[in-house]
Structure formats: C-alpha cells, structure tokens
Amino acid sequence: CALKTHPNMFIISEESAFRGETLPDIVNRIADAGQERAEKGKNFGSVLIPEGLLQHISAYKHLIDELNELFKGCTNQEEKQSCADKCIKDENFVKETLTPWSFSLYCTLPEFMKVQLINEQEISGEINLSMIETEKLLAHFVSVELKRRKDKKVYKGAFAPVTHFFGYQGRSAHPSKFDCSLASTMGFAAAALLNAGLTGYTVSVKELTSPVENWRVGGVPILALLRSQPKAGYKRNELVVPSQE
C-alpha cells in the first residue's frame with residue numbers, strides 16, 4: 001500500500017514488534033515527522049497505519065489477551081453485556097480483574113478506545129482488531145504530544161488530524177510491477193524446488209532492494225521457521241511460523 005500511495009510515513013507492525021517499540025515511541029516518531037515538516041512549511045502529510053498494530057505492541061497485547069480471557073468466561077450474551085457494562089462504568093471491577101500493569105494502561109486510554117476494546121468482539125469472545133480505530137488512538141496521542149511541544153515553544157505548526165479506514169480497499173489494490181516480479185520469482189522457485197524433490201521448503205528471496213537480476217533466490221526448510229507460541233483461545237501451545245519471519 002505504501003508503494004502505491006507514497007505516504008509521508010508508514011508503520012509496519014512486525015518492524016515495531018522487532019524494535020520493541022511502545023505506543024509512545026510510535027507517537028513520538030509521528031510527532032517528530034510532523035514537527036520536521038512544519039519547520040519546512042509543509043504543515044500537512046499522511047501516515048499509513050496497519051489495523052493490527054496494537055497486537056504487536058507488548059503492553060497492549062497483554063491488555064487485549066487479558067480482556068479476551070475475561071469475556072471468554074461468559075457463557076451467554078447477557079453475561080457478556082453485564083461484564084462489558086462493568087468494564088466501562090465500574091473502575092474498581094476493572095482494577096480487580098486486570099493485572100496492575102494492564103489496568104494502568106487501560107486508564108490512560110481515551111474513553112472511545114475503552115468502549116471499542118470492550119464492545120468490539122468476535123463471536124468467540126476475542127476482540128475484533130479490525131474494528132478498533134487504531135488510527136484515531138494514534139491521532140489522539142499525537143495531538144496531545146504536539147500540544148505539549150507547542151507549549152514548550154518547540155513546535156509551531158497546527159495539527160488537525162483526519163482519519164480514514166481503508167482495510168478492504170487496501171487489500172484489493174492492483175499489484176505493482178515489484179509485486180508481479182516477486183510473485184513470478186517465488187512461483188518459479190517453488191516449482192524448481194518441487195522438481196528437485198525438495199518438499200517441506202519455503203521460497204526465500206533476498207536483496208529485494210537490488211535490481212531483479214541481483215535477487216538471491218533459495219529455499220528454507222519450514223521446520224527452521226517454526227516457533228512454539230500460545231494458541232489464542234486455548235490453554236496450549238502451537239507450532240506456527242511467526243509473521244515477521
């Protein structure tokens with residue numbers, strides 16, 4: 001999406017997770033970009049944000065997991081609704097239910113985000129991340145940070161965020177020339193591996209920022225990529241290939 005739309009800044013969930021970034025880290029990165037552009041007289045810009053970002057930020061992942069566990073304990077819709085009402089209206093209930101760290105994080109959230117985390121759930125009881133307005137949460141905290149900088153006289157621009165959600169439009173965009181080259185390369189390499197009798201392998205393509213003729217194509221055993229991690233919704237671990245791999 002970033003290659004097609006050329007935003008001024010874009011965030012990749014897996015990259016943020018690899019760096020161990022917190023939400024304030026990401027907020028400061030966006031605020032820094034806005035401040036730098038304002039100093040150049042460019043008091044405008046766009047930021048591309050992935051919908052599953054919160055699940056890749058450690059503190060929010062723990063909060064989401066704890067809320068998921070809370071609602072999975074409900075046996076019917078009435079219990080879920082009662083639990084949701086308590087989470088929104090009864091601070092003591094939330095304090096007793098969540099761990100101290102998650103409760104502290106929950107208290108820092110604006111009211112609209114608390115409501116979304118509590119009310120937007122799948123049938124399974126898990127929070128529906130695609131319905132969480134991560135972009136509005138970031139816009140809120142960036143507004144707070146830029147106001148703080150303006151009070152300290154280090155930021156002189158104006159910030160009036162307008163957010164949009166383009167989940168389905170983003171997934172249905174036409175492939176770029178790079179997409180086509182990469183897909184063709186991986187398809188040909190997969191066929192070559194099969195022809196050589198190498199099953200249980202996944203295709204690896206490196207040096208992607210170089211010209212196509214310099215790409216390094218090979219195969220990696222799937223077993224080398226497997227990691228053991230908890231399976232959402234179950235009290236057991238499962239072998240998976242993490243998305244960042």
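A surface patch here is made of residues with over 30% relative accessible area and no salt bridge, with nonpolar side chains (Val, Leu, Ile, Met, Phe, Trp, Tyr) joined within 5 Å and like charges within 9 Å. A salt bridge is a side-chain nitrogen of Lys or Arg within 4 Å of a carboxyl oxygen of Asp or Glu. Accessible areas come from the Shrake-Rupley method with a 1.4 Å probe, and for residues only the protein chains shown count as cover.

The model is predicted: local features need pLDDT of at least 70, side-chain atom pairs count only at pLDDT 80 or more, and totals for chains, interfaces and linings use all residues. Residues are numbered from 1 along each chain as its sequence is written, and side-chain values use heavy atoms, leaving out hydrogens and water.

Select Leu3, Phe178 and Leu208, which make a nonpolar surface patch of about 260 Å². Leu208 is partly exposed, at 31% relative accessible area (partly exposed lies between buried, under 20%, and exposed, over 50%; 1.4 Å probe, protein chains only). Leu208 sits in the loop between strand 3 and strand 4 (helices, H or I, at least four residues, and strands, E, at least two, are DSSP runs numbered from the N terminus).

Next, select Glu207, in the loop between strand 3 (201–206) and strand 4 (216–221). Its phi is positive, near 60°. Most residues other than glycine have a negative phi.

Go to His6, between helix 1 (2–5) and strand 1 (9–10). His6 also has a positive phi, about 55°, and is exposed at 63%.

Finish at Ser13 in helix 2 (residues 13–19). Ser13 is buried, at 5% relative accessible area. Beyond its neighbours within four places in sequence, Ser13 is in contact (heavy atoms within 4.5 Å) with Pro50, Gly52, Leu53 and His56.
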